Amino acid sequence: MTISTSHRQGGLRRRHSLTEQAAQAAIDQACRRLRLPTIRAVVDDAVAAATKEQLTYQGFLAELLLAEVDDRDRRSTLRRIKSAGFPREKWLADFDFTANPNINPATINELATGDWIRRGDPLCLIGDSGTGKSHLLIALGTATAEQGYRVRYTLATRLVNELVEAADEKQLTKTINRYGRVDLLVIDELGYMELDRRGAELLFQVLTEREEKNAIAIASNQSFSAWTDTFTDPRLCAAIVDRLTYNATIIETGTNSYRLAHTRARHHTPTTGA
């Protein structure tokens, strides 16, 4: 079979007799084949805007391609946030720093830049329930996903249970590797429940796999000195604390639950008389 020069070189097809309706149909079909849903959706509006603003052909093409790129980036970001497994939406912009003076906004803003992710450093949030730990974990994880990093959120007990099941099914290496590959592993509620030696050892393997390579963020309601209540083997406890604190940013969120204070204030707001 002979292939024409224009096809071999990928040249333009000159269709002088193409009507406007036929051109619209061709654009629609080409966008479907090339998987360009945004261009397909905005092309009519873009043509109208280009005519009004007298864009050049290159300017018009640039507008279309940039719209596709922007929307593709947006969809990729949404997929990364969804795949992270966050239990709810939390954003840094919604965090009330005035409610907890223990948390320095400058520190959080620095973390939001993602430099610690690139370095593979740990982040530890230590404090009582209701002091903002989970909000910050999820919000920083979301900000990380928005920057293009792969993030995975899990509860400590859920992670340990998954590791135990994987070990029983001889899938432990595969599971540890999966948790080792993400750019940021977020472990919430570490220290809420005691872990037996086997569970603690499996968790330690995940931490070791990530050490100084990929970032990890944890939240705990226990100070490090009290972690022996969670990790009952003193040596293993010390090793886990060492993995999580080396080059780490440690934020102590305090003991006063602003969430509880907010709830009490809401239910005891005095009513004004007539």
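Threonine 38 is a buried residue, with a relative accessible area of 10%; buried here means under 20% relative accessible area, exposed means over 50%, and partly exposed lies in between, using a 1.4 Å probe and protein chains only. The model you are looking at is predicted, so local features need pLDDT of at least 70 and side-chain atom pairs count only at pLDDT 80 or more, while totals for chains, interfaces and linings use all residues. Residues are numbered from 1 along each chain as its sequence is written, and side-chain values use heavy atoms, with hydrogens and water left out.

**The whole chain**

The protein chain contains twelve helices and five strands. These are DSSP runs numbered from the N terminus, with helices being H or I of at least four residues and strands E of at least two. Of its 274 residues, 36% count as buried. A contact means heavy atoms within 4.5 Å; among contacts in the chain between residues at least 6 apart in sequence, 82% join residues at least 24 apart.

Let us go back to threonine 38, which sits in helix 3 (residues 37-53). Leaving aside neighbours within four places in sequence, threonine 38 touches Ala67, Glu68, Asp71 and Arg75. Thr38 is one of the buried residues of helix 3, along with Ile39, Val43, Ala46 and Ala50. Together, the buried residues of this helix pack against helix 2 (20-34) and helix 4 (57-84).

Just after the helix, glutamine 54 has a positive phi of about 55°.

Where does helix 2 meet helix 3? Gln24, Ile27, Asp28, Cys31 and Arg32 in helix 2 are in contact with Ile39, Arg40, Val43 and Asp44 in helix 3. Glutamine 24 is partly exposed, at a relative accessible area of 41%. Its C-alpha atom is 9.6 Å from that of arginine 40, which is 16 residues away along the chain.

**Helix 8 and its neighbours**

The buried residues of helix 8 are Ala156, Leu159, Val160, Leu163 and Ala166. Seen down the helix axis, they fall within an arc of 125°, so they line one face of helix 8; the arc is that of the directions from the axis to the C-beta atoms. They pack against strand 2 (151-155), helix 9 (172-181), strand 3 (184-190) and helix 10 (197-210). After helix 8 comes lysine 170, with a positive phi near 60°.

**Two helix pairs**

Axes are lines fitted to C-alpha atoms, for helices over the stretch in contact, and angles run from 0 to 180 degrees between N-to-C directions.

| Pair | Angle between axes | Distance between axes |
|---|---|---|
| Helix 2 and helix 3 | about 155° | 8 Å |
| Helix 8 and helix 10 | roughly 95° | within 9 Å |

Helix 8 and helix 10 are therefore roughly perpendicular to each other. Angles of 65 to 115 degrees count as roughly perpendicular, under 35 as roughly parallel, over 145 as roughly antiparallel and the rest as oblique. On the helix 8 side, the contact is made by Leu159, Val160, Leu163, Val164, Ala167 and Asp168, and on the helix 10 side by Arg198, Gly199, Leu202, Leu203 and Val206.
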